[in-house]
Amino acid sequence: MSLYRGIGGDQYMRKRIPKNAKYQHIKTKLDTGVSLTKYLERLEDIKKNYKCNRGEIFKRFKVSTFAELILQVASVSDLTEGISGDSSHSLDEGDAVIESKHANGSAETSPLSEPQDQEHSQPPRSTLLSVINGVGELNMNGDKAKPLDEPDANKPYPDCPYLLLDVRERDQYEQCHIISAHSFPIAMLSRTMNPYTREVLDYKNASGKIIIVYDEDERIASQAATIMHQRGFDNLFLLSGGLKVIAQKFPEGMTTGPLPPTCLPPPEPTKWKKCIPPPPPPFSQVAEKRWRFTADELSRIEGQLDNIAITSSSSRTSSRMSTCSSLSKVSSVQSRQMSSLSGRDSGRVQRPWK
């Protein structure tokens with residue numbers, strides 16, 4: 001008995017594989033479905049990146065949902081501007097044809113038929129057709145032709161459904177901010193006279209429009225959202241995670257200027273090389289103030305959004321497969337129980353004398 005006393009002891013079940021610090025940062029790519037480890041990692045991610053408090057009176061806005069909104073607004077604005085440009089182009093062509101017909105019909109009285117050696121002769125004015133072709137309007141002083149004014153790409157999107165407010169300090173906004181964001185420091189809410197800008201008043205409780213506030217890690221934005229909601233802003237949203245989550249999910253294409261060091265993820269530790277943090281960006285570098293996203297930035301945002309959707313869909317399918325397998329097991333057990341009960345009942349029917 002003494003020889004077999006140690007077989008099947010609890011110490012073998014409690015034994016763990018020793019961890020190697022060299023491969024500690026490597027994670028498996030195999031999705032094993034819903035587990036307690038993944039649930040705890042999700043809770044840790046929420047505690048680290050989000051500051052959700054009980055009794056919040058404002059609404060939240062996901063970063064991925066905001067990226068989808070950016071893509072939709074950009075596509076709709078390009079479509080509407082293209083349609084308006086085509087209609088104006090056709091109208092100008094019609095006016096040019098009418099003017100050319102009128103000039104051909106009255107060739108005798110046109111200024112071109114007058115002798116060119118007159119003292120007070122004026123230079124001929126170009127028609128709309130020549131303006132469309134790129135000649136431009138001739139100046140009275142004999143200067144070169146002026147080209148047509150191109151649409152300003154730095155203007156905000158026409159009828160934009162959202163107003164993005166950066167509630168940090170002005171110097172932090174000038175270092176880095178989300179494209180199309182307005183600077184609205186939280187100190188402006190403490191003013192007694194004119195605490196809001198014209199854009200904020202235009203978007204306040206307007207139908208089909210929302211106001212989104214953000215900062216680096218929700219510390220200031222949550223206070224600003226609470227104050228503004230208490231003052232009657234019903235269409236106010238808080239961008240969940242702020243720049244910290246944007247640096248993790250959308251590191252390229254959504255912001256202008258270098259991201260703050262507090263928002264960047266920590267470097268992965270390695271055993272062989274010494275971990276050296278990246279140098280902070282120079283304070284002289286100022287973020288570009290723009291209201292529209294370029295085509296390259298939109299393509300990058302779309303690619304990163306697709307990667308997020310793929311990872312979320314794979315996790316959902318694995319969870320569905322695990323739930324389906326558990327349900328199939330339960331149904332198989334129930335079918336066995338029903339078959340056994342039916343067998344018992346059939347046995348009783350075959351023997352009526354009992």
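The side chain of Asp215 reaches the backbone nitrogen of Ile220 at 2.8 Å, a polar contact in the sense of a pair of N or O atoms within 3.5 Å, where within protein one must be able to donate a hydrogen and the other to accept it, and where residues adjacent in sequence count only if both atoms are side-chain atoms. The model is a predicted one, in which local features need pLDDT of at least 70 and side-chain atom pairs count only at pLDDT 80 or more, while totals for chains, interfaces and linings use all residues. Residues are numbered from 1 along each chain as its sequence is written, and side-chain values use heavy atoms, with hydrogens and water left out.

Asp215 lies in the loop between β5 (210–214) and α7 (219–230); helices (H or I, at least four residues) and strands (E, at least two) are DSSP runs, numbered from the N terminus. Beyond its neighbours within four places in sequence, Asp215 is in contact (heavy atoms within 4.5 Å) with Val167, Arg168, Ile220, Ala221, Gly242 and Leu243. Asp215 is buried but has no salt bridge, and the nearest side chain of opposite charge, Arg168, is 7.2 Å away. Here buried means under 20% relative accessible area, exposed over 50%, and partly exposed in between (1.4 Å probe, protein chains only); Lys and Arg count as positive and Asp and Glu as negative, whereas His and the chain ends are not counted. A salt bridge is a side-chain nitrogen of Lys or Arg within 4 Å of a carboxyl oxygen of Asp or Glu.

From this loop we turn to the sheet. Five strands form an open sheet in the order β1-β6-β5-β2-β4, with parallel pairing, two strands being paired if DSSP finds at least two bridges between them. The edge strands, each pairing on one side only, are β1 (59–61) and β4 (181–183). Three bridges join β1 to the parallel strand β6 (residues 236–239), and Arg60 stands opposite Leu238 in β6. Helix α7 packs on the sheet, touching β2 (162–166), β5 and β6, and its direction makes about 175° with that of β6; axes are lines fitted to C-alpha atoms, for helices over the stretch in contact, and angles run from 0 to 180 degrees between N-to-C directions.

Glu56 is partly exposed at 27% relative accessibility, as is Arg60 at 24%. A search of the whole structure finds 13 salt bridges.
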